[in-house]
Amino acid sequence: NKVKKILANNKIDLGMFKSVIGGDISLPAKPEPDIYLKVCENLGVKPNEAIVLEDSYNGVIAGSRAGCFTIMVPDTMPANEEMKNTANLIVNNLLEVVEFLKQN
């Protein structure tokens, strides 16, 4: 799939990932939760055991609808009121995600 090609082109070892799914598979698009539910199924974890990192509004909504702990890392889209009410956590960058994971 497209994601695997991008990872390979950037010399990222696919063996580091237990599951790789991209938007080019035939599942309903975000904000529907299907892609996150499929990843959880592939990994053998319950959605409430998974963490979703998202930068888009539809992604945050999808992660939340799936029942995953959803962290918004705003990029081009700032965290608006809906995102503040939907995401479990909003951070400024990925380093803050690392710190959150270390503390929890």
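Throughout these legends, buried means under 20% relative accessible area, exposed means over 50%, and partly exposed is what lies in between (1.4 Å probe, protein chains only). The model is predicted, so local features need pLDDT of at least 70 and side-chain atom pairs count only at pLDDT 80 or more, while totals for chains, interfaces and linings use all residues. Residues are numbered from 1 along each chain as its sequence is written, and side-chain values use heavy atoms, with hydrogens and water left out.

**View 1. A stacked pair of phenylalanines.** Let us start with the rings. The structure holds 1 aromatic pair; rings of Phe, Tyr and Trp (its six-membered ring) pair if their centres lie within 6.5 Å, and planes under 30 degrees apart count as stacked, over 60 as edge-to-face and the rest as tilted. Here the ring centres of Phe 69 and Phe 100 are 5.5 Å apart with the planes at 10 degrees, so the pair is stacked. Phe 69 belongs to strand 2 (residues 69-72) and Phe 100 to helix 5 (residues 94-103), so that the pair links distant parts of the chain, 31 residues apart. Helices (H or I, at least four residues) and strands (E, at least two) are DSSP runs, numbered from the N terminus. Phe 69 is partly exposed, with 28% relative accessible area, and Phe 100 is partly exposed too, at 22%.

View 2. Cys 40 is in no disulfide, and its nearest cysteine sulfur, that of Cys 68, is 4.2 Å away. Cys 40 is buried at 4% relative accessibility, and Cys 68 is buried at 5%. Leaving out residues up to four places away in sequence, Cys 68 touches Tyr 36, Cys 40, Pro 47, Ala 50, Val 52, Gly 63 and Asn 88, where contact means heavy atoms within 4.5 Å.

**View 3. The largest nonpolar core.** A nonpolar core is a set of buried Ala, Val, Leu, Ile, Met, Phe, Trp, Tyr and Cys residues joined through side-chain atoms within 4.5 Å. The largest one has 9 residues, including Ile 21, Ile 35, Tyr 36, Cys 40 and Cys 68. Helix 2 (34-43) and helix 3 (57-66) are the elements that give two or more residues to this core, and helix 2 gives the most, with 3 residues. Apart from this core lies another of 5 residues, among them Val 60, Met 72, Met 83 and Ala 87.

**View 4. Helix 3 and its cover.** The buried residues of helix 3 are Gly 59, Val 60, Ile 61, Ala 62, Gly 63 and Ala 66. Their cover includes helix 2, strand 1, strand 2 and helix 4 (81-86). Gly 67 follows helix 3, and its phi is positive, near 90 degrees.

**View 5. Glu 96 on helix 5.** Glu 96 is found in helix 5 and is partly exposed, with a relative accessible area of 31%. Glu 96 and Val 73 are 23 residues apart in sequence, and their C-alpha atoms are 9.1 Å apart in space.

Key: A disulfide is a pair of cysteine sulfur atoms within 2.5 Å.
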